Amino acid sequence: MNTESAYLTKTALYRRLIEKLPEAVALIDSSRKIIFVNEAFCKVTGYSESDWQDAGTIEILFPQELSSDQLVKLGDGSFLPFESELMLVRKNHHFFRALVKSAPLADDEGSVIGRIIILSDITSQRKQLDAMIENDDRLRMLMQSTSEGIIIHENGVIVDINDAIEITYGYTRDELIGKSVFQFTSPREHESMRQVFRDKMLFNGEREIIDKQGNTRLVDIKSRLVNHNGRELRVITLRDVTELHQKQLEQKRLIAILEASPEFVAMMDSGGLNYMNSTGRKMLGYERNEKIGHLTVHDLMSPASAEL
C-alpha cells in the first residue's frame with residue numbers, strides 16, 4: 001500500500017474529529033479529489049455528501065473564470081498554507097463570497113498528500129463592510145469605536161488609521177498616511193509581506209512591527225479586502241500581543257525548570273489536574289503524552305491516604 005493509500009485509511013478518524021465542527025471542512029488529495037467533507041461543508045456549498053462523491057473534485061465550486069493559480073495552490077506539493085477571499089458557486093448556481101483557508105495534509109513521514117480546506121461564507125459581512133466604506137462618516141465612527149488598531153492601505157500605502165494606532169504605537173496620522181507599511185514592520189517580515197502582495201492574498205496571523213520609539217512589538221493581525229469606489233483596499237486590525245507573548249515565554253521557561261526538577265511537581269484547580277512534571281509522571285506511572293486532566297487529588301493518593 002503506498003503512502004497516500006495508507007494515509008487515506010484514516011478517513012474514519014478524521015470523520016469523527018471534524019464531521020460535527022461548525023466550520024465547513026473538506027479534505028482533498030494531491031489531485032484535488034475529495035477525501036472527506038463534513039456536514040457544514042455540504043450546507044455551505046449546497047452539495048450533499050453523495051454529490052461530492054460523484055463529483056470527485058473540489059473544482060466544481062470554482063467559477064470557470066477563476067484564475068488558474070488559485071486552483072494550483074489547492075493541489076501543489078508545498079507546505080505553505082494560504083488564505084484568500086474567493087468568489088465561489090453553489091450547487092444552485094448562486095455565487096457567494098468565501099474566505100478560503102488551506103493547509104497541507106501530511107502523512108506520518110511529513111510528506112504532503114493533500115490539503116485541508118476550510119470555507120466560511122462571508123457574503124453578508126463583506127456587504128456590510130463595503131457599505132461602511134461607502135459611507136466615510138460611518139466608517140470613521142466604526143474605526144474610532146474599537147480599542148484595536150485599524151490601518152487601511154492600498155497596495156501597501158497607508159490611506160487611513162484610527163486613534164488606537166496613534167495611542168498604542170506613538171505615530172501621528174501625518175507620520176503614517178501616505179507611507180508604506182514596510183516602513184513600520186520588522187525587516188524579518190518583509191519577504192513574507194512581499195509574497196502576500198505578489199499573490200494578492202490576505203494575511204491573518206502574527207507580525208513584528210516597529211513603534212515610534214524603535215521597539216519591536218508583536219501584533220495579531222486580521223485582514224479584510226474591500227472595494228471602495230473601484231479601489232481595492234485592505235482593512236487591517238492589529239491587536240498587540242507583546243505582553244501575552246512574553247508571558248507565554250516565561251511560562252515555557254518555568255515549565256522547562258519544572259521538567260528538569262527531580263522533585264514531584266503538579267498543578268491543579270477545582271476542575272482537576274492541569275500539569276504534572278516528568279518526575280511525577282514517572283513516579284505514578286503515567287506516560288509523557290498520557291492525558292491527566294481528569295485526575296483529582298484523590299486519584300494521586302494511596303487508598304490508605306485517601307481515607308484520612
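This is a predicted model: local features need pLDDT of at least 70, side-chain atom pairs count only at pLDDT 80 or more; totals for chains, interfaces and linings use all residues.
Visitor: Let's start with the overall picture. How many helices and strands does the protein chain have?

Guide: Happy to begin there. The secondary structure comes to 13 helices and 12 strands. The protein chain has 308 residues, and 40% of them count as buried. As for contacts with a separation of 6 or more, 39% are between residues 24 or more positions apart.

Visitor: Now a single helix. Which residues of helix 10 are buried?

Guide: First the general idea: an α-helix has 3.6 residues a turn, so residues three or four places apart point the same way. Now the case here. Helix 10 covers residues 190–199, and its buried residues are His190, Met193 and Val196. Looking down the axis of helix 10, you find these buried residues within an arc of 120 degrees, so they line one face of the helix.

Visitor: What covers those buried residues of helix 10?

Guide: The cover includes strand 8, residues 205–210. While you are in this region, look just past the end of helix 10: Lys200 there has a positive phi of about 55 degrees.

Visitor: Is Arg32 buried or exposed? And what about Asn155, buried or exposed?

Guide: Arg32 counts as buried, at 18% relative accessibility, because the cut-off for buried is under 20%. Asn155 counts as exposed, at 63%.

Visitor: Let's turn to the aromatic residues. How many aromatic pairs does the structure hold?

Guide: In general, a pair of aromatic rings is described by the distance of the centres and the angle of the planes. This structure holds 4 aromatic pairs. One of them joins Phe41 and Trp52: the pair is tilted, at 5.5 Å centre to centre and 55 degrees between the planes. Phe41 belongs to helix 3 (residues 39–45) and Trp52 to helix 4 (residues 49–55), so the pair links parts of the chain 11 residues apart. Phe41 is buried, with a relative accessible area of 0%, and Trp52 is buried too, at 1%. Together with Tyr47, Phe41 and Trp52 form one aromatic cluster.

Visitor: What does the pair of Phe182 and Phe197 look like?

Guide: That pair is tilted as well, with 5.8 Å centre to centre and 40 degrees between the planes. Phe197 brings us back to helix 10, while Phe182 lies in the loop between helix 9 (173–176) and helix 10, so the pair ties together parts 15 residues apart in sequence. Phe182 is partly exposed, with a relative accessible area of 21%, and Phe197 is partly exposed at 24%.

Visitor: One last stop, the surface. Which residues form a nonpolar patch there?

Guide: Phe264, Met283 and Leu284 do, with about 280 Å² of accessible area together. To find Phe264, follow the loop between helix 11 (242–260) and strand 11 (266–269). Phe264 is partly exposed, with a relative accessible area of 33%.

Methods: Residues are numbered from 1 along each chain as its sequence is written. Side-chain values use heavy atoms; hydrogens and water are left out. Buried means under 20% relative accessible area, exposed over 50%, partly exposed in between (1.4 Å probe, protein chains only). Helices (H or I, at least four residues) and strands (E, at least two) are DSSP runs, numbered from the N terminus. The arc is that of the directions from the helix axis to the C-beta atoms. Contact means heavy atoms within 4.5 Å. Patches are made of residues with over 30% relative accessible area and no salt bridge: like charges are joined within 9 Å, nonpolar side chains (Val, Leu, Ile, Met, Phe, Trp, Tyr) within 5 Å. Accessible areas come from the Shrake-Rupley method with a 1.4 Å probe; for residues, only the protein chains shown count as cover. A salt bridge is a side-chain nitrogen of Lys or Arg within 4 Å of a carboxyl oxygen of Asp or Glu. Rings of Phe, Tyr and Trp (its six-membered ring) pair if their centres lie within 6.5 Å; planes under 30 degrees apart count as stacked, over 60 as edge-to-face and the rest as tilted.
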